[in-house]
Amino acid sequence: MSRLPGLVPAELDAYQGRVYESIAGGDRAKDASFPLTHADGALVGPFNPLLFSPNVGDAVQQLGAAIRFHCGLSGPVREVAILAVATQHDCEFERWAHEPIARRVGVSDNQIAALRAGAVPAFDNEDEDVAAAYQLCAESIENGRVGDATYERAVAELGNAGVVELVTLLGYYGLLAQLMNVFEIGVPD
């Protein structure tokens with residue numbers, strides 16, 4: 001049970017309603033990877049807490065939409081990074097929401113199991129970009145920094161813009177995991 005009540009559309013003020021519509025009716029709804037609302041209309045996962053502070057919540061949800069739908073990272077790079085963060089924070093919701101997406105974009109069940117266990121996944125030679133991204137994620141998660149060789153490998157595979165997007169993704173999904181862990185938000189029924 002969440003520490004925050006689920007805010008249903010009828011309870012929202014005008015600004016909260018606009019944030020709600022941006023989440024429930026925007027790119028996330030078009031993607032339809034997982035349900036965005038409970039049966040009563042309250043937003044699932046990290047999105048409900050964003051409505052309690054709509055100024056912050058709107059900025060956060062816009063960043064999330066940019067990362068998920070409008071950046072240059074490949075699906076496998078993005079989803080491997082998200083699942084690495086989910087493991088770091090032991091975030092059940094992120095696993096529930098993103099393991100099926102990872103499978104859909106080509107991340108194997110063995111790779112997903114390794115990520116869930118906190119182990120290094122085996123990547124094929126053609127997945128060098130994913131392997132480089134994972135290495136950067138793992139070092140950043142563990143140390144808060146990355147070594148020169150890891151950084152240079154990531155830039156060679158993803159470019160400067162890709163590395164900026166990847167590091168931003170780590171911070172964004174870490175924020176979502178913290179929201180869900182602090183407010184005790186789990187997987188929808």
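This is a predicted model: local features need pLDDT of at least 70, side-chain atom pairs count only at pLDDT 80 or more; totals for chains, interfaces and linings use all residues.
Start with the core. The largest nonpolar core has 50 residues, and F34, F47, L166 and Y173 touch the most other members. The top contributor is α9, with twelve residues.

Now look at F34. Leaving out residues up to four places away in sequence, F34 touches V44, F47, R68, F93, W96, A97 and I101. F47, one of these contacts, is also among the core members that touch the most others.

Next comes α8. This helix covers residues 128-143, 16 residues in total. From first C-alpha to last, α8 reaches 22 Å, close to the 22 Å expected at 1.5 Å a residue. Its buried residues are V130, A131, A132, A133, Y134, L136 and C137. The cover over them includes α5 (75-89), α7 (109-117) and α9 (148-182). Just past the helix, G144 takes a positive phi of about 75°.

C137 leads on to the cysteines. How many disulfides does the structure hold? It holds zero. A disulfide needs two cysteine sulfur atoms within 2.5 Å. The sulfur of C91 has its closest cysteine sulfur in C137, 16 Å away, so the gap is too far for a bond. C137 is in no disulfide either; the nearest cysteine sulfur to its own belongs to C71, 12 Å away. C91 counts as buried because its relative accessibility is 1%. C137 also counts as buried, at 1% relative accessibility.

Technical notes: Residues are numbered from 1 along each chain as its sequence is written. Side-chain values use heavy atoms; hydrogens and water are left out. Buried means under 20% relative accessible area, exposed over 50%, partly exposed in between (1.4 Å probe, protein chains only). Helices (H or I, at least four residues) and strands (E, at least two) are DSSP runs, numbered from the N terminus. The expected span of a helix is 1.5 Å times one less than its number of residues. Contact means heavy atoms within 4.5 Å. A nonpolar core is a set of buried Ala, Val, Leu, Ile, Met, Phe, Trp, Tyr and Cys residues joined through side-chain atoms within 4.5 Å.
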